[in-house]
Amino acid sequence: MKTYLTGIQATGMPHLGNYLGAIKPAIDFSNSSEGSFFYFIADYHSLNSVKDPKLISEQTYEVAATWLACGLDTEKAVFYKQSDIPEIFELTWILNCHIPKGDLNRAHSYKAKIQTNEEAGKKDIDHGVNAGLFTYPVLMAADILLFNTNIVPVGKDQVQHVEMARSIAQRINVHYGNVLIEPQESLSDAKYIPGLDGRKMSKSYGNSIPLFCTEKKLKKLCNKITTDSSGPDDPKSTEDSLIFDLYKYFSNSSDVESFAKKFQEGISWGHAKAELFEKINSEISGYREKFDYLINNREIIDQELRNGAKKARAVAGKTIKSLRKNIMGLES
Ligand code: TRP
């Protein structure tokens, strides 16, 4: 039986791109596969960029409520927040003492930051870089290695981090005997979810549709999707239609076929947008209700995360105990 683990950034309200690209596949996967699953909210990673206790806490609740509302089965997947697991931070230090600083110099996110400084002609290339950003991959390695993870499902941008976790584990295993599982990444097939303007849906482009907003707002956003200037009765191509692209993600094949037929015969963009809205809304309206309920009854979320932390710490405690013994010579 394999152990799968992935961390979720606490960036606040997810959008449809996050839902289709990450949340839904992860939930479907853990609900329907064999294995052990650890899904957690990486709230201490957020501290790097967010220095506002209210905001971090709010974003953590929103993300937790989203996953629970969308049907994550917390009997199958251990669901917790990073800050509830002190063992992660003990392991972080152990790992810090075994990773060459040069490896961290080569981490993409750090390199990107110093490159920006260089291009801006800053005298100090480390301008604005805190040590948390620099050692971000070490905390992430601790997240992974603590739970004997075999597989880390991630997007392309995170592959290097998993490689670094693997290389720290290898280094430690060579020195102390096999004490850690060496994890592998599993690259999620990147779906291109277009935003309102056709570019990849992203908060930073301002083209995203939030997963949970009022029906009225969802309708309004669907109406804002960019279309061409063809008239209401003109036949329309499904090839480069954002409406059609998004519709596909929320519909079964026979609905897609009949929608395509309407395009061929000529459907007004207004009607096409209305049909898209109906499809999205019918998939998520139940989740929205559940989300609203959870966000107004946070003690349920607290309870779920507490249960998850308890299960996670049972595993974490064993790993730490063995590392304290094998690496520090401590018997307790
Ligand atoms: N760094 C990841 C991201 O930005 C989040 C994350 C933190 C993570 N710890 C992890 C992902 C451990 C996988 C495993 O998306």
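View 1. A nitrogen atom of the ligand lies 2.7 Å from an N or O atom in the side chain of Asp-143, a polar contact being a pair of N or O atoms within 3.5 Å. A nitrogen atom of the ligand is also 2.7 Å from a side-chain N or O atom of Tyr-136, while an oxygen atom of the ligand is 2.6 Å from an N or O atom in the side chain of Gln-9. Taken alone the ligand exposes 360 Å², of which the protein buries 92% (Shrake-Rupley method, 1.4 Å probe). This is a predicted model in which local features need pLDDT of at least 70 and side-chain atom pairs count only at pLDDT 80 or more, whereas totals for chains, interfaces and linings use all residues. Residues are numbered from 1 along each chain as its sequence is written, and side-chain values use heavy atoms, with hydrogens and water left out.

**View 2. The shell around the ligand.** The ligand is surrounded by 14 residues (a heavy atom within 4 Å), and the closest are Gly-7, Gln-9, Tyr-136, Asp-143 and Gln-158. Helix H8 gives the most to this shell, with four residues (helices are DSSP runs of H or I, at least four residues). By class, the shell residues divide into eight nonpolar, five polar and one charged, with Ala, Val, Leu, Ile, Met, Phe, Trp, Tyr, Cys and Pro counted as nonpolar, Asp, Glu, Lys and Arg as charged, and the others, Gly among them, as polar.

**View 3. Lining of the second largest pocket.** Residues lining the second largest pocket include Tyr-44, Phe-89, Asn-96, Tyr-136 and Leu-139 (on a 1 Å grid over the protein atoms alone, a pocket is an open set of points for a 1.4 Å probe with protein on both sides within 12 Å along at least five of seven lines, and lining residues have an atom within 4 Å of a point). H4 supplies the largest share of this lining, three residues.

Key. Polar contact = N/O pair within 3.5 Å; in protein donor to acceptor, adjacent residues only side chain to side chain. Helix = DSSP H or I, 4+ residues; strand = E, 2+ residues; numbered from the N terminus.
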